[in-house]
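Here is a short report for a reader new to this structure. It moves from salt bridges to domains and then to one helix.

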Amino acid sequence: MAQAKKALAKNNSRQTSPRIVRSSVKTYDNYIGGKWVPSESGEHFENINPADTNDIIGRFALSTSKDVNAAVNAAREAFDGWRNTPAPRRAEILFRLGEILLGNKPRFTADMTREMGKVLKEAGGDVQEAIDCTYYTAGEGRRLHGFTTPAEMPDKFAMCVRQPVGLCGLITPWNFPMAIPSWKLIPALVCGNTVVLKPAEDTPFSTYNLVEACEQAGIPPGVVNLVTGYGENAGAAITNHTALRLISFTGSTETGRTVASACAERNAICSLEMGGKNVIIVMEDADIDLAIEGAVWGAFGTSGQRCTASSRLVVHKKIYKQFCKKLVEHAKRLRVGNGADAKTDMGPVINADAVKKIMGYIDIGQKEDGATLACGGKRLTRGEYARGFFIEPTVFTDVAPDMRIAQEEIFGPVTTVIPTRSLDEAVEIANGVRYGLSAAIYTTDVNRAFRAMNDMYTGIFYVNASTIGAEVHLPFGGTKATGNGHREAGTQVLDIFSEWKSIYVDYSGKLQRAQIDMVEGMG
Ligand code: NDP
């Protein structure tokens with residue numbers, strides 16, 4: 001309930017000027033057991049455009065534990081049919097899903113920009129990531145490799161196969177509202193699981209589009225169930241549901257910890273993708289203009305609301321002044337506005353809570369002893385910005401590694417520049433945070449690139465490229481407080497959504513005791 005109140009307050013606080021409530025606003029239901037159904041409560045929450053709070057995108061089902069129960073029951077009923085559908089057949093349906101996503105890419109892109117705020121190019125990238133993930137992972141339907149190995153006894157065969165985990169709960173954040181649900185959904189399905197999916201309350205529409213496409217592709221009823229609503233209600237009901245064998249969560253480290261504790265309590269499998277405080281190291285031999293381009297893209301793409309955002313730039317003292325000057329020039333040139341406008345470089349942040357949090361960090365940064373606010377730092381509220389959540393691209397220079405703005409995830413268009421004297425020191429600073437998602441180095445010295453590659457303790461590392469830009473066929477995830485040891489994407493994601501079964505076939509016709517009966521002539 002606390003969350004419901006928080007979210008209602010969030011929606012209300014989204015209003016920066018009186019809002020016109022149109023009676024024509026569409027209502028969107030849950031998808032349970034192959035049917036679009038309202039929540040048991042009959043209540044809804046509003047999905048609002050963060051660039052224009054007068055624009056209500058839709059009213060989505062406000063779900064409770066009753067809806068989650070219904071969705072879990074549907075997933076249970078569908079499970080045997082789906083797991084016994086040969087994986088190549090499951091994959092055929094997923095390839096059809098890929099076609100539908102591709103065919104609808106422009107519409108899904110525009111819907112996403114409207115509900116999430118990121119510029120059209122980036123929203124298109126998000127949809128494309130879902131398409132790539134679908135095609136790539138569907139291919140696993142004809143692989144899902146297990147292995148055979150010699151048995152230690154004669155006339156005995158040993159092999160290992162993947163089996164589905166069972167019923168899975170998927171909980172996703174708002175910043176990649178189609179890509180992240182697809183990273184979980186598609187591998188879960190190809191492995192033969194059935195799912196209950198809850199998207200973030202700020203961006204249910206893109207996930208709705210994805211699930212509607214699943215229906216159109218012919219995924220059988222009950223295999224994919226969508227429940228929209230608030231984290232502390234619908235989300236917690238999923239996390240705590242004893243029939244859900246696995247919870248796959250992406251979101252903040254704080255919520256992830258709650259999810260992990262609930263899963264530990266009931267022995268559920270739990271895979272977590274959480275926060276980041278990513279870093280670009282720029283050495284004195286780097287191509288500075290290239291590094292600036294990477295830093296600007298990494299820091300201000302998606303208004304800094306990426307788990308892989310470049311929120312720390314550790315720059316060698318020899319080029320520090322020149323780097324800061326160019327960075328500030330570039331940041332000032334970025335055109336902030338509605339992401340639907342092709343001229344916009346950077347859209348709004350997601351909601352009023354985000355504005356409060358980010359402005360709070362900008363305030364903290366200004367009070368931290370020694371840090372300089374080099375550009376930005378203000379919320380934009382006039383004219384075209386009056387009804388949205390716009391913040392200037394913000395750069396802090398002369399930042400010390402232990403300052404809060406250099407340690408904590410801000411999740412907004414704010415980056416920090418930290419001077420360094422050497423590669424060793426840079427790596428120490430870079431590793432000196434609680435997160436471990438993405439890191440990068442700009443250098444023309446191959447030895448330094450390999451040293452950093454070896455010494456950075458992150459799940460992702462780039463050389464002469466920014467901290468963002470993961471591709472779906474490589475594993476994705478992080479160390480330390482970013483994750484709990486799992487990886488999404490690549491073939492590694494199959495290890496989340498399937499479990500190994502070792503199988504022994506004894507065709508000797510007699511009792512053979514492993515480790516006890518020795519082969520004649522041996523032992
Ligand atoms: P949150 O942790 O606030 O929410 C994530 C999801 O969890 C939402 O669907 C949310 O619902 C739900 N939720 C909230 N409370 C609970 C609860 N008690 N039980 C179960 N579910 C709950 O994260 P954000 O949506 O704000 O996303 C931003 C965070 O996600 C950042 O920290 C970012 O770094 C991280 N992230 C990590 C990625 C990675 O791969 N490592 C990728 C992308 C983002 P509701 O929306 O209703 O609150």
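## Salt bridges

A search of the whole structure finds 23 salt bridges. A salt bridge here is a side-chain nitrogen of Lys or Arg within 4 Å of a carboxyl oxygen of Asp or Glu. Side chains of opposite charge can pair when their charged atoms come close.

A word on the source. This is a predicted model, where local features need pLDDT of at least 70 and side-chain atom pairs count only at pLDDT 80 or more, while totals for chains, interfaces and linings use all residues. Residues are numbered from 1 along each chain as its sequence is written, and side-chain values use heavy atoms, with hydrogens and water left out.

| Arg387 and Asp52 | 2.8 Å | 335 residues |

Start with Arg387 and Asp52, which form a salt bridge. Arg387 lies in the loop between strand 16 (379–380) and strand 17 (390–391), and Asp52 in the loop between strand 4 (44–48) and strand 5 (56–61), so the pair ties together parts 335 residues apart in sequence. Helices (H or I, at least four residues) and strands (E, at least two) are DSSP runs, numbered from the N terminus. Asp52 is buried, at 19% relative accessible area. Arg387 is partly exposed, at 33%. Buried means under 20% relative accessible area, exposed over 50%, and partly exposed in between (1.4 Å probe, protein chains only).

Glu254 is partly exposed, with a relative accessibility of 41%. Arg434 is partly exposed too, at 36%.

Elsewhere, salt bridges that share partners join Arg89, Glu92 and Arg142 into one network.

## Two domains

The domain assignment gives domain 1 (2–274 + 483–501) and domain 2 (279–463). Such bounds come from an automatic or database assignment. The centres of the two domains, taken over C-alpha atoms, are 30 Å apart.

How many residues of each domain are in contact with the other? The count is 29 residues of domain 1 and 29 residues of domain 2. Contact means heavy atoms within 4.5 Å. About 2300 Å² is buried between the domains, and carbon and sulfur atoms give 56% of that area. Buried area is the accessible area (1.4 Å probe) that two parts lose on being put together, summed over both. In domain 1, Ala51, Glu122 and Trp174 lose the most area to domain 2, together 22% of what that side buries.

Between domain 1 and domain 2 there are 2 salt bridges. Helix 1 (2–13), helix 4 (105–116), helix 5 (120–138) and helix 9 (253–265) each supply at least two residues of the side of domain 1 that touches domain 2.

## Helix 6

Is helix 6 largely enclosed or open? Of its 12 residues, 12 are buried, so helix 6 is largely enclosed by the rest of the structure. Among them are Trp183, Lys184 and Pro187.

The length of helix 6 (residues 179–190) agrees with expectation: 12 residues at 1.5 Å a residue should span 16 Å, and the end C-alpha atoms are 16 Å apart. The expected span is 1.5 Å times one less than the number of residues. Just after helix 6, Gly192 takes a positive phi of about 100 degrees.
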